Amino acid sequence: MSRIRIMDHLQQHTPYQLLGGEAVLRRLVDRFYDIMATDARAAGIHAMHGPDTASIRQRFFEFLSGWLGGPQLFIEKYGHPRLRARHMPFAIGEAERDQWLLCMFQAMAEIPMEAALREHLEEAFTRTADFMRNT
């Protein structure tokens with residue numbers, strides 16, 4: 001699907017819908033954290049998380065649901081995401097941003113989706129991850 005076509009498609013369908021909804025998003029989130037826990041290149045950001053990632057997986061799933069245009073689960077439970085404020089206790093520089101993106105892009109590569117949707121999500125995740133830098 002061309003970039004122009006995906007943008008037209010995004011006007012009619014949310015990225016959440018195009019991705020495949022709740023079940024696919026749950027797989028993406030779980031794979032993201034599994035990669036973080038097992039890929040030595042992500043050791044820096046993995047160390048920022050506790051050994052039990054069940055609750056952070058759930059919160060990230062809830063956040064992404066709304067961020068991608070699906071149900072606003074995070075906002076319903078916790079209010080506005082305030083991403084930068086919630087991440088301020090953690091030193092996030094270029095290395096941490098790149099580790100996070102490595103995990104997310106690898107997880108996305110394992111989820112079937114249209115190439116143009118993948119490109120759109122990669123750009124959106126990159127902008128957001130860069131915005132989170134605080135060092």
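Ser55 is partly exposed, with a relative accessible area of 43%; here buried means under 20% relative accessible area, exposed means over 50%, and partly exposed lies in between, using a 1.4 Å probe and protein chains only. The residue sits in helix α5, which covers residues 54-67. Helices are DSSP runs of H or I with at least four residues, numbered from the N terminus. Between Ser55 and Ala129 there are 74 residues of sequence separation and 21 Å of space, taken from C-alpha to C-alpha.

A word on the source: this is a predicted model, in which local features need pLDDT of at least 70 and side-chain atom pairs count only at pLDDT 80 or more, while totals for chains, interfaces and linings use all residues. Residues are numbered from 1 along each chain as its sequence is written, and side-chain values use heavy atoms, with hydrogens and water left out.

Let us turn to helix α8. It runs over residues 94-109, and its 16 residues reach 22 Å from first C-alpha to last, close to the 22 Å expected at 1.5 Å a residue; the expected span is 1.5 Å times one less than the number of residues. Which residues of α8 are buried? They are Arg97, Gln99, Leu101, Cys103, Met104, Ala107 and Met108. These buried residues pack against α3 (22-38), α4 (43-46), α5 and α9 (115-131). An α-helix has 3.6 residues a turn, so residues three or four places apart point the same way.

Two packed helices are described by the angle between their axes and the distance between the axes. The axes are lines fitted to C-alpha atoms, for helices over the stretch in contact, and angles run from 0 to 180 degrees between N-to-C directions.

Take α3 to begin with. Its 17 residues reach 24 Å from the first C-alpha to the last, close to the 24 Å expected at 1.5 Å a residue. Val24, Leu25, Leu28, Val29, Phe32, Tyr33, Ile35 and Met36 are its buried residues, and what covers them includes α2 (15-19), α4, α5 and α8. The axes of α3 and α8 come within 8 Å and cross at roughly 130°. The two helices are therefore oblique to each other, since angles under 35 degrees count as roughly parallel, over 145 as roughly antiparallel, 65 to 115 as roughly perpendicular and the rest as oblique. On the α3 side, the contact (heavy atoms within 4.5 Å) is made by Leu28, Arg31, Phe32, Ile35 and Met36, and on the α8 side by Trp100, Cys103, Met104, Gln106, Ala107 and Met108.

Now for α9. At 1.5 Å a residue its 17 residues should span 24 Å, and its end C-alpha atoms are 24 Å apart, which agrees. The buried residues of α9 are Ala116, Leu117, Arg118, His120, Leu121, Ala124, Phe125, Thr128 and Ala129. How do α8 and α9 lie, and at what angle? They pack at about 160°, with their axes 10 Å apart, and are therefore roughly antiparallel to each other. Arg97, Trp100, Leu101, Met104, Phe105, Met108 and Ala109 of α8 meet Arg118, Leu121, Glu122, Phe125, Thr126, Ala129 and Asp130 of α9 in this contact.

Finally, a loop residue. Arg82 is placed in the loop between α6 (73-78) and α7 (83-87). Its phi is near 45°, a positive value in a residue other than glycine. At 46% relative accessibility, Arg82 counts as partly exposed.
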